[in-house]
Amino acid sequence: MTQSAHPSVAVLGAGSWGTALAALIARHGHATTLWGRDPAVAAAIEARAENPRYLPGLALPASLRATTSLPEALAGADLVLVVVPSHAFAETLRLLAPLRPSHAGVAWATKGFEPGSGRFLHEVAGDILGNTGRGDDVPLAVVTGPSFAKEVAQGLPTALTVHSEDAAFCRQVAAVLHGPAFRAYTGDDMLGAELGGAMKNVLAVATGVADGMGLGLNARAGLITRGLNEMLRLNIAIGGRPETLMGLAGLGDLVLTCTGDLSRNRRLGLALGRGSSIEDAVREIGQVVESIQTADEVMRQAERHGVELPIASNVRDVLHGGITPAEGLRRLMAREQKAEYPQALFAP
């Protein structure tokens, strides 16, 4: 991959997060093109530097370009950043694969698993983009961490982390994102980083339910702490590194998503805890709520590796309508008393 001193960037996905990241990168002086499927959104960004559907009222940089033409977005790009919901991830990669400039690496800020298979997104990307391990593979990276799109678009301070097995590409992606109000750290544990980014959405539903039921701050703190324990145990079982989840990709994202009302997953839990149906809650939120699908895939991973996840399991059952939030609470509180760490969490 040829490194450019000031790479041009194609951001694929014009939702709130894709638009916020595209705006951030454009403000850092990079030629940035945002691709989306909605002609009205692209036209509004081009005409008046605003995404009225996903980030209404927030001014975007005048230099940011927007298009519904994927070939136009990818032409001349040095770096491709995919920011679409997890259910659209594979389709988007299949569309970009034949159009990607040969020197351009691919990063993504998508969180979740491939629907149905439960595969991690770096596995999906490697498969679709033809990575074989021969040394000529497409550089891949995941961008994750505690970040609400609205705050990034507003220029408020944020810290994220970029993980990749290609150290040079990892640094390139981080450098594009890093700026006066945005810190981008680097790492090489894509497995752990992706697990944290996906699983925190499931746990945010649990804390939202508890808050919606008025169970108090003690309950919220307990759910966050025990939820982190579930993340760590599953991460170790699948081969991730524990320190990854003690950082921005795990603990940081978990705390933000479980406590911040900008989180769609927390808002889903709040609505369920107050007695709303899943259908009504999702309709009111008006955007993709990743946890509904991710809960199934998290439990698929847990069952595959023989890891017990009481909180995630109850969230899955609530989201499928098998139990009420109150029944889920009773299940958790009825579990037997035991040591907090019955065995060394980080033992080899």
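# Helix packing and buried residues in a predicted model

In this predicted model, the elements that cover the buried residues of helix 15 include helix 8, helix 9, helix 12, helix 13, helix 14 and helix 16 (325-333).

Q: How many of the residues of helix 15 are buried?
A: The buried residues of helix 15 are Pro310, Ile311, Ala312, Ser313, Asn314, Val315, Arg316, Asp317, Val318 and Leu319. Helix 15 is accordingly described as mostly covered, and the number of its ten residues that are buried is ten.

Q: Which residue, with a positive phi, follows helix 15?
A: Helix 15 spans 310-319. The residue that follows helix 15 has a phi near 80 degrees, and this residue is Gly321.

Q: With which residues is Leu309 in contact, leaving aside its neighbours within four places in sequence?
A: Leu309 belongs to the residues of the largest nonpolar core that touch the most other members, as do Met199, Leu234 and Val298. Once the neighbours within four places in sequence are left aside, the residues in contact with Leu309 are Met199, Glu230, Arg233, Leu234, Val298, Met299 and Ala302.

Q: Is helix 8 roughly parallel or roughly perpendicular to helix 14?
A: Helix 8 and helix 14 pack with their axes 9 Å apart and at an angle of about 110 degrees. Angles of 65 to 115 degrees count as roughly perpendicular. The orientation of helix 8 to helix 14 is therefore roughly perpendicular.

Q: How many charged residues are in the contact of helix 8 with helix 14?
A: Helix 8 passes helix 14 in a left-handed crossing, and the contact is made by Ala198, Met199, Asn201, Val202 and Val205 of helix 8 together with Ser291, Thr294, Ala295 and Val298 of helix 14. By class, this contact has six nonpolar and three polar residues, while the count of charged residues is none.

Q: Is helix 4 roughly parallel or roughly antiparallel to helix 5?
A: The axes of helix 4 (residues 89-96) and helix 5 (residues 121-128) come within 10 Å and cross at roughly 25 degrees. Since angles under 35 degrees count as roughly parallel, the description that applies to helix 4 and helix 5 is roughly parallel.

Q: How many nonpolar residues are in the contact of helix 4 with helix 5?
A: Helix 4 passes helix 5 in a right-handed crossing, with Phe89, Ala90, Leu93 and Arg94 in helix 4 meeting Leu121, Val124, Ala125 and Ile128 in helix 5. The residues of this contact include one charged and no polar residue, and the nonpolar ones number seven.

Q: Is the crossing in which helix 9 passes helix 11 left-handed or right-handed?
A: Helix 9 and helix 11 pack at an angle of about 145 degrees, with their axes 11 Å apart. In their contact, Arg220, Ile224, Gly227, Leu228 and Met231 in helix 9 meet Gly250, Leu251, Leu254, Val255, Cys258 and Thr259 in helix 11, and these residues divide into seven nonpolar, three polar and one charged. The crossing in which helix 9 passes helix 11 is right-handed.

Q: Is Ala49 buried or exposed?
A: Ala49 is found in the loop between helix 2 (39-48) and strand 3 (65-67), and has a positive phi of about 55 degrees although it is not a glycine. Most residues other than glycine have a negative phi. With a relative accessible area of 18%, where the limit for burial is under 20%, Ala49 is buried.

Q: Which residues are in contact with Ala153, leaving aside its neighbours within four places in sequence?
A: Ala153 is placed in helix 6 (residues 149-153) and counts as buried at 6% relative accessibility. Leaving aside the neighbours within four places in sequence, the residues in contact with Ala153 are Ala20, Arg27, Leu55 and Leu58.

Technical notes:
Residues are numbered from 1 along each chain as its sequence is written. This is a predicted model: local features need pLDDT of at least 70, side-chain atom pairs count only at pLDDT 80 or more; totals for chains, interfaces and linings use all residues. Side-chain values use heavy atoms; hydrogens and water are left out. Axes are lines fitted to C-alpha atoms, for helices over the stretch in contact, and angles run from 0 to 180 degrees between N-to-C directions. Helices (H or I, at least four residues) and strands (E, at least two) are DSSP runs, numbered from the N terminus. Angles under 35 degrees count as roughly parallel, over 145 as roughly antiparallel, 65 to 115 as roughly perpendicular and the rest as oblique. A crossing is left-handed if the near helix is turned anticlockwise from the far one by less than a right angle, and right-handed if clockwise. Contact means heavy atoms within 4.5 Å. Ala, Val, Leu, Ile, Met, Phe, Trp, Tyr, Cys and Pro count as nonpolar, Asp, Glu, Lys and Arg as charged, and the others, Gly among them, as polar. A nonpolar core is a set of buried Ala, Val, Leu, Ile, Met, Phe, Trp, Tyr and Cys residues joined through side-chain atoms within 4.5 Å. Buried means under 20% relative accessible area, exposed over 50%, partly exposed in between (1.4 Å probe, protein chains only).
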